[in-house]
Amino acid sequence: MREDKKFGKKRKIVDILKGISASKKVPKGIYFLILFVYVLCIVYVNKSSRSEEIISVFGNPIPAYIFTGVYSSLSNICVIFLVVLFRRLGFFTSVFLLFAQFPMLFFSFFIRHSATVFPGLFTNVVSILGICIIFFNNRRILKYQEKIREVAVTDTLTGLPNRYACTELMNSLIKKKIKFALVSVNLNNFRSINDTLGHKAGDEMLIEIANRWRILADSGETGTYDFPARLGSDEYSFIIRAYENEEEILETIKKYEEELGRKILINNCDFFMTACFGIAEYPKDASDSGSLFSCADAALHEVKRNGDANNVLHFTPELSKTERYMAIERRIRAALDSDEIIAYLQPQYDMSHKLIGFEALARIKDENGNFISPMEFIPIAEKSGLIDRVDNVILRKAAKFIVDSNTDGKADISISSNISVLHLMKNDFIEEIKNLLDLSGADPKKIKIEITESIMIESDEKALKRIEELKELGMQVAIDDFGTGYSSLSYLHKFPASMLKIDKSFIDVMNNNESTKNYVALIISIGHILNLEVISEGVESDEQLDTLKTIGCDYIQGYVWGKPMPLDEALKLLKV
Ligand code: C2E
Ligand code: CA
Ligand code: CA
């Protein structure tokens with residue numbers, strides 16, 4: 001075990017947690033300053049109470065003894081400060097200071113028969129009572145506060161430190177420039193245990209693993225200073241300090257793996273658990289806690305992706321693609337919080353070039369003001385559970401646009417907005433749309449929800465029901481990216497949509513490939529048989545336009561007649 005001095009005395013988890021959750025201490029200098037002011041006040045109380053001097057304040061003659069009360073009050077305030085700021089030390093100091101004056105006061109009162117000390121005697125008794133009340137009341141409040149802080153840093157299920165504690169420890173190590181490694185840990189196949197044995201057994205497993213790791217970390221047997229934490233479900237992390245080289249980090253991880261690999265008995269079944277580990281080091285790989293988490297997670301994901309071979313991996317810059325993923329996720333969150341998600345509108349026309357509406361498309365800028373492609377950020381928003389919020393912002397802006405365009409009283413247009421399948425399947429989806437319609441005051445008939453064709457393959461009755469509900473609200477539904485997802489015709493027949501949107505990939509090649517052209521023509525015919533309107537997206541050339549006219553497409557959307565544009569430009573287009 002390396003000496004404590006270099007890494008601080010705290011190595012046990014409880015002690016580190018106490019350090020993290022403890023409230024900030026007031027500097028000792030303040031204690032001595034208050035003490036000094038107190039003694040000064042007492043000296044002046046004594047001096048002024050016996051003084052017969054007359055002093056001039058703003059030209060008025062005032063007897064000096066009048067200030068006795070002022071000094072006495074100041075001394076009481078000092079005593080209160082001592083108790084509040086320095087708790088036990090302050091309380092005992094105050095009691096000592098107040099009691100220490102009694103012999104002098106008694107002497108003056110009983111021996112010198114000086115009646116002037118009577119108020120002082122009374123004040124001291126009242127002060128002692130006062131500080132006792134403050135001290136004991138404060139102690140109760142502080143105990144509650146301590147409890148709250150303790151809860152804030154521990155994971156309720158396992159009692160291990162939580163993500164907040166982990167981040168705080170990293171921040172304090174970074175502040176002191178102490179080298180450490182953050183290891184992201186994920187249990188293998190934990191899900192199947194939860195699914196087969198139930199959540200109670202799953203919880204037991206998580207607690208057992210946490211207990212083993214806590215005991216190992218506190219024992220110091222690994223030779224390094226380790227701080228295990230549980231971040232959520234089957235995700236854990238370790239902060240490892242006091243190592244010389246990467247070998248030692250790997251040795252430490254091996255010890256935790258061995259602990260994990262020992263038989264775990266749950267519901268009379270033997271389990272032998274394994275895990276994957278991703279390592280990131282401060283300051284080598286990143287210099288702030290957020291990026292360190294991202295790097296360690298990137299390494300962990302790579303291990304999981306590669307499967308078998310090795311279950312531990314150190315972060316390398318080649319993995320920074322996943323770092324970009326994290327950066328984009330952070331950017332989406334920030335844009336959502338500061339209302340920086342922008343809606344662009346792309347015009348949609350009938351075949352005679354009459355504007356019939358727009359599709360609202362989400363845009364986000366990076367820190368340098370450059371647009372991040374929706375093809376990149378939409379899948380990330382979906383994976384990180386942010387897509388509902390993105391969809392909602394765009395739909396809200398689309399609804400507002402409809403209201404604004406109506407006030408201008410010009411065109412009779414509709415607006416389409418994309419809704420992710422993940423979002424559509426949320427239990428409160430319809431409630432959310434109802435609220436949005438109520439708040440915006442937009443006419444639901446003029447809003448179309450675009451849902452990708454994949455919904456018809458992946459989902460079942462639930463999806464159908466959702467779309468029925470949208471129709472009941474008076475909205476329209478379009479099936480987006482049609483043709484890419486092998487949907488069965490019988491299902492399309494049941495689908496309560498009003499429009500099919502043929503995917504750009506078919507339009508791209510249709511003029512060079514006869515069979516694709518026939519396929520597009522077929523989709524249009526089937527659409528019409530099923531009473532659906534058909535729009536083609538991604539139309540870029542006049543030749544494509546001509547073909548679509550010939551085969552009977554109803555509407556088009558594409559660069560040939562208009563790119564996505566900001567809202568004010570779209571409004572201008574309405575006035576043309
Ligand atoms: P999408 O729904 O298929 O939208 C059409 C995409 O094709 C848009 O790309 C549009 O800018 C592009 N496009 C339209 N006409 C042309 C053309 O003539 N040539 C070319 N090269 N491209 C054309 P964008 O804006 O990059 O959006 C990509 C995808 O991101 C969308 O595909 C949609 O699936 C998704 N998305 C965008 N906004 C949202 C949103 O608010 N919510 C959800 N869930 N998804 C969104
Ligand atoms: Ca779309
Ligand atoms: Ca598409």
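This is a predicted model: local features need pLDDT of at least 70, side-chain atom pairs count only at pLDDT 80 or more; totals for chains, interfaces and linings use all residues.

Let us start with the pocket. Ligand 1 takes up the space of the largest pocket. Around ligand 1 there are 23 residues, and the closest are Gln346, Arg363, Asp391, Glu540 and Tyr559. Sorted by class, this shell has 10 nonpolar, 5 polar and 8 charged residues.

Which elements each supply at least two residues of the shell around ligand 1? They are the strands β11 (355-365) and β15 (476-482), together with the helices α13 (374-383) and α14 (387-407). The most comes from β11, which gives 4 residues to the shell.

Now look at some atoms that face each other. In Glu540, a polar side-chain atom is 2.5 Å from a nitrogen atom of ligand 1. Arg363 has a polar side-chain atom that lies 2.9 Å from an oxygen atom of ligand 1. For Glu537, an N or O atom in the side chain is 3.2 Å from an oxygen atom of the ligand. On its own, ligand 1 has 800 Å² of accessible area, and the protein covers 86% of that.

Next, step back to the whole chain. Its domain assignment gives domain 1 (23-153), domain 2 (163-317) and domain 3 (343-575). Between the C-alpha centres of domain 2 and domain 3 there are 44 Å.

Two loops also deserve a visit. Pro283 is in the loop between β8 (275-282) and α11 (289-306), and a cis peptide bond, with omega at about 0 degrees, joins Tyr282 and Pro283. Asn189 sits in the loop between β3 (180-187) and α8 (190-197). Although Asn189 is not a glycine, its phi is positive, at about 55 degrees.

Technical notes: Residues are numbered from 1 along each chain as its sequence is written. Chains are lettered from A and ligands numbered from 1 in the order in which they are written. Side-chain values use heavy atoms; hydrogens and water are left out. A residue is near a molecule or strand if one of its heavy atoms lies within 4 Å of it. A polar contact is a pair of N or O atoms within 3.5 Å; within protein, one must be able to donate a hydrogen and the other to accept it, and residues adjacent in sequence count only if both atoms are side-chain atoms. Accessible areas come from the Shrake-Rupley method with a 1.4 Å probe; for residues, only the protein chains shown count as cover. On a 1 Å grid over the protein atoms alone, a cavity is a set of points where a 1.4 Å probe fits but cannot get out, and a pocket is an open set with protein on both sides within 12 Å along at least five of seven lines; lining residues have an atom within 4 Å of a point. A molecule sits in a cavity or pocket if more than half of its atoms lie within 2 Å of its grid points. Ala, Val, Leu, Ile, Met, Phe, Trp, Tyr, Cys and Pro count as nonpolar, Asp, Glu, Lys and Arg as charged, and the others, Gly among them, as polar. Domain bounds come from an automatic or database domain assignment.
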